[in-house]
Amino acid sequence: MKVTIDGIQIEVPKGTTILQAARMIGPEVAPPAMCYYSSLKTSGGYCRTCIVKVTQGSSANPSPIPKPVASCRTEVMDGMVVENNINAELLEARKGVVEFLLINHPLDCPVCDQAGECKLQDLGYGHGSAATRFEFKRREYEAIDIGDKIKLHMNRCILCYRCVKVAEQITDNRVHGVISRGDSSEISTYIENIIDNDFSGNVIDVCPVGALTDKTFRFKQRVWFTKPVDAHRNCDKCSGKTRVWLKGEEVVRVTARKDQWDEVEEFICNSCRYDYKKTSDWVIEGPSPIHRNSVISQNHYQHLNELKLQALKQQNALGFMPLDKKP
Ligand code: SF4
Ligand code: FES
């Protein structure tokens, strides 16, 4: 099936969605996605940030689709022509979607642990308006504990359902979900059941905002002061392949590794996430690739590599034997 997105043509297998096809071309044409998650079945279709304009339905039926469509839920037809970043009207419509997502979201980024890696911050920066037109009171909830390791700040939730899908598909028993409808919808654990499944911590990693945060990391560090490294350990519950976030020698948190779309590569177990907080617990593989235009990736390793290079040059010039090679 041939599809053209922002003037770039690509051939994709039948059943591919517009969003998947756009990601195959690359980030320059891929629409943002706040609820779709490739490893979670039936995700997508909730947030509408991934809308695109279909200017030609297919070669067989070249008429356009009159309204923007959710690209994560719309399959490609042969000969389809799609516009994303090159369509000013569409970008204006996406601005409206972002405005709706931000209607109830508090501006508490300075105290939110997700700041620096929040998809809503990125979305607001890339596609939002500078000011809000919302004059009414925002929804407010008390922050509650979901188990002893996870904090839920419902004020920040954008109801993307990713955590619900994780609980449904990755853990054995889902004990939380979205209750009520419309403006009253909220994530709830029903009678405050705790999530004690081995893989429950993954809800933190899939949450695109700071609604679900790791209590062992809360208020410890701003992420841009930490250095993420890929590391592994032998684990009998998961692959043991994680991202360990260091502040100096201290392990401030452990998360799953994420790909260039900010999606978890392999879900990790709670033991790896919460119980191994010493560098000696891990085999460090090296600096994590941070694929996004993120504050986290700014200057960290460039600076480290330069220092390392300088140190090596000095050692060679002085004939030093590296410390780890000394008898
Ligand atoms: S808590 Fe986070 S992951 Fe769950 S629905 Fe809300 S925003 Fe999505
Ligand atoms: S990513 Fe498509 S609707 Fe949310």
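How many bridges join strand E12 (residues 241-247) to strand E13 (residues 250-255), and do these strands run parallel or antiparallel?

Reply: This is a predicted model, in which local features need pLDDT of at least 70 and side-chain atom pairs count only at pLDDT 80 or more, while totals for chains, interfaces and linings use all residues. Residues are numbered from 1 along each chain as its sequence is written, and chains are lettered from A and ligands numbered from 1 in the order in which they are written.

E12 and E13 run antiparallel and are joined by five bridges. Strands (E, at least two residues) and helices (H or I, at least four) are DSSP runs numbered from the N terminus, and two strands pair if DSSP finds at least two bridges between them. Within this pair, arginine 253 of E13 stands opposite tryptophan 245. Two residues separate the strands of the hairpin, and glycine 248 in its turn has a positive phi of about 65°.

Elsewhere, five strands form an open sheet with mixed pairing, in the order E2-E1-E5-E3-E4. Strands E2 (8-11) and E4 (69-70) are at the edges with a single partner strand each, so one side of each has no neighbour in the sheet. Helix H2 (residues 88-102) packs on this sheet and touches E3 and E5; contact requires C-beta atoms, placed from the backbone, within 7 Å. The direction of H2 makes about 155° with that of E3, where axes are lines fitted to C-alpha atoms, for helices over the stretch in contact, and angles run from 0 to 180 degrees between N-to-C directions. Strands E3 (residues 51-56) and E5 (residues 80-83) are themselves antiparallel, with three bridges, and glutamine 56 has valine 81 in E5 as its bridge partner.

Terms used
Two residues are in contact if their C-beta atoms, placed from the backbone, lie within 7 Å.
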